Amino acid sequence: QVQVVESGGGLVQPGGSLRLSCAASGSDFAILGMAWYRQAPGKQQRESVATITGDDSTTYANSVKGRLTIFRNNTKSTVYLQMNSLKPEDTAVYYCSSRLLRLGLVQTAWGQGTQVTVSS
């Protein structure tokens with residue numbers, strides 16, 4: 001079994017910064033890619049915010065380009081989301097997902113989410 005755990009959320013003023021972390025742990029798996037999603041208050045669907053592939057290619061939602069950066073550590077089992085110039089509309093629960101190859105199958109593991117609130 002693979003566990004995905006996020007951390008680093010909190011309350012920040014508009015224009016401030018936060019860094020979220022996401023660690024995948026377990027046995028017998030290889031990470032194919034990782035991503036951050038968010039679900040804003042009152043919305044039913046999660047929005048893709050940023051993704052990073054096995055070769056460190058990245059993509060971003062248009063609404064966060066230039067403000068949020070996804071990157072990984074050397075072992076590639078931990079991914080970060082550096083969030084700068086935060087806006088109230090960035091308020092959401094942020095979820096990390098890890099696309100894995102485990103026991104010959106491609107699987108997706110999700111974390112429990114971490115709350116980010118941008119407010120003065």
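Select D28 first: at 60% relative accessibility this residue counts as exposed (exposed means over 50% relative accessible area, buried under 20%, and partly exposed in between, with a 1.4 Å probe and protein chains only). D28 is in the loop between β3 and β4; strands are DSSP runs of E with at least two residues, numbered from the N terminus. Phi of D28 is near 55 degrees, a positive value, and D28 is not a glycine. Most residues other than glycine have a negative phi.

This is a predicted model, in which local features need pLDDT of at least 70 and side-chain atom pairs count only at pLDDT 80 or more, while totals for chains, interfaces and linings use all residues. Residues are numbered from 1 along each chain as its sequence is written, and side-chain values use heavy atoms, with hydrogens and water left out.

Next, select L103, in the loop between β9 and β10 (105-110). L103 has a positive phi of about 55 degrees although it is not a glycine. With a relative accessible area of 64%, L103 is exposed.

**Into the core**

Now select M34, W36, V49, V79, L81, M83 and Y94. These residues have the most contacts inside the largest nonpolar core, which has 28 residues. A nonpolar core is a set of buried Ala, Val, Leu, Ile, Met, Phe, Trp, Tyr and Cys residues joined through side-chain atoms within 4.5 Å. Among the elements that give two or more residues to this core are β3 (18-26), β4 (29-39) and β9 (92-102).

Stay on M34 and show what surrounds it. Leaving aside neighbours within four places in sequence, M34 is in contact (heavy atoms within 4.5 Å) with residues including C22, A50, I52, I70, V79 and C96.

**The salt bridges**

Select R38, E47, R67 and D90 together. They are linked in a network of salt bridges, a salt bridge being a side-chain nitrogen of Lys or Arg within 4 Å of a carboxyl oxygen of Asp or Glu. Side chains of opposite charge can pair when their charged atoms come close.

Begin with E47, whose side chain meets that of R38 in a salt bridge (2.8 Å, N to O). E47 is partly exposed, with a relative accessible area of 34%, and R38 counts as buried at 7% relative accessibility.

Move to D90, which forms a salt bridge with R38, the closest N and O atoms being 2.9 Å apart. That pair links distant parts of the chain: D90 is in the loop between β8 and β9, R38 is in strand β4, and they are 52 residues apart. D90 also forms a salt bridge with R67, with the closest N and O atoms 2.7 Å apart. R67 is in the loop between β6 (58-60) and β7, 23 residues from D90. Both D90 and R67 are buried.

Select R72, in strand β7. At 12% relative accessibility, R72 counts as buried. The side chain of R72 makes a polar contact with the side chain of D56 (3.2 Å); a polar contact is a pair of N or O atoms within 3.5 Å, where within protein one must be able to donate a hydrogen and the other to accept it, and residues adjacent in sequence count only if both atoms are side-chain atoms. The R72 side chain also reaches the backbone oxygen of G54 at 3.3 Å.

Finish at R46. The charged end of R46 sits over the ring of Y95, 3.6 Å from its centre, a case that requires NZ of Lys or CZ of Arg within 6 Å of the ring centre and within 35 degrees of the ring normal.

Definitions and conventions:
Helices (H or I, at least four residues) and strands (E, at least two) are DSSP runs, numbered from the N terminus.
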